[in-house]
Amino acid sequence: MMRISTKGRYALRIMLDLAQHAEQGPVALREISERQNITPKYMESIMALLLHDNLVQSLRGKAGGYRLTRESSQYTLYEILTCAEGGLAPVHCLALEENECPIKKSCLTMPVWEGLHSVIKEYLTGITLQNLEEQKDICQN
């Protein structure tokens, strides 16, 4: 079964939390941890991935914390989940940068997996953090 792991789901929640609190400046890891009910240790490992891909920025000091590196409208769910999950390909051979499967050209199932991957990518690329923030506003009205 293809699943998004807790790492991917939590990365999305962390990014959304940062987007929702962007106006207050850098947000402390502890604050996000408490709001999202994610252990600080697990959050640190996720933040390392987000930092590595330049999705967030870390600021040190008394008023330090984390913040988004760009506007919430510029982050797609595909980008965030790919960062956390290491990829979203439904089968291993599509996860590789170049599909080196020896039966690639004769594999009758390959078009199915390529199509599924395309649908997943298209769907998640079409949703931004800002879209999720706006959805929250709709749900509260």
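Tutor: In this predicted model, helix H1 (residues 6-20) packs on helix H3 (residues 40-52) at an angle of about 75 degrees. Their axes lie 10 Å apart. H1 is therefore roughly perpendicular to H3, since angles of 65 to 115 degrees count as such.

H1 brings Thr 6, Lys 7, Tyr 10, Ala 11, Ile 14, Met 15 and Leu 18 to the contact. H3 answers with Tyr 42, Met 43, Ile 46, Met 47, Leu 49 and Leu 50. By class, 11 of these residues are nonpolar, one is polar and one is charged.

Take Tyr 42 of helix H3. Leaving aside neighbours within four places in sequence, Tyr 42 is in contact with Thr 6, Lys 7 and Tyr 10. The side chains of Tyr 42 and Thr 6 are joined by a polar contact of 2.9 Å. These two residues are 36 apart in sequence, and their C-alpha atoms are 10.0 Å apart. Tyr 42 counts as partly exposed because its relative accessibility is 26%, and buried would mean under 20%.

Now the core. The largest nonpolar core has 33 residues. Ile 14, Met 15, Leu 18, Met 47, Leu 50 and Leu 129 have the most contacts inside it. Elements giving two or more residues to this core include H1, H3, strand E2 (65-68) and helix H7 (129-140). H1 gives the largest share, eight residues.

Not counting residues up to four places away in sequence, Leu 18 touches Val 27, Ile 32, Met 47, Val 56, Tyr 66, Arg 67 and Leu 68.

Conventions:
Residues are numbered from 1 along each chain as its sequence is written. This is a predicted model: local features need pLDDT of at least 70, side-chain atom pairs count only at pLDDT 80 or more; totals for chains, interfaces and linings use all residues. Side-chain values use heavy atoms; hydrogens and water are left out. Axes are lines fitted to C-alpha atoms, for helices over the stretch in contact, and angles run from 0 to 180 degrees between N-to-C directions. Helices (H or I, at least four residues) and strands (E, at least two) are DSSP runs, numbered from the N terminus. Angles under 35 degrees count as roughly parallel, over 145 as roughly antiparallel, 65 to 115 as roughly perpendicular and the rest as oblique. Contact means heavy atoms within 4.5 Å. Ala, Val, Leu, Ile, Met, Phe, Trp, Tyr, Cys and Pro count as nonpolar, Asp, Glu, Lys and Arg as charged, and the others, Gly among them, as polar. Buried means under 20% relative accessible area, exposed over 50%, partly exposed in between (1.4 Å probe, protein chains only). A polar contact is a pair of N or O atoms within 3.5 Å; within protein, one must be able to donate a hydrogen and the other to accept it, and residues adjacent in sequence count only if both atoms are side-chain atoms. A nonpolar core is a set of buried Ala, Val, Leu, Ile, Met, Phe, Trp, Tyr and Cys residues joined through side-chain atoms within 4.5 Å.
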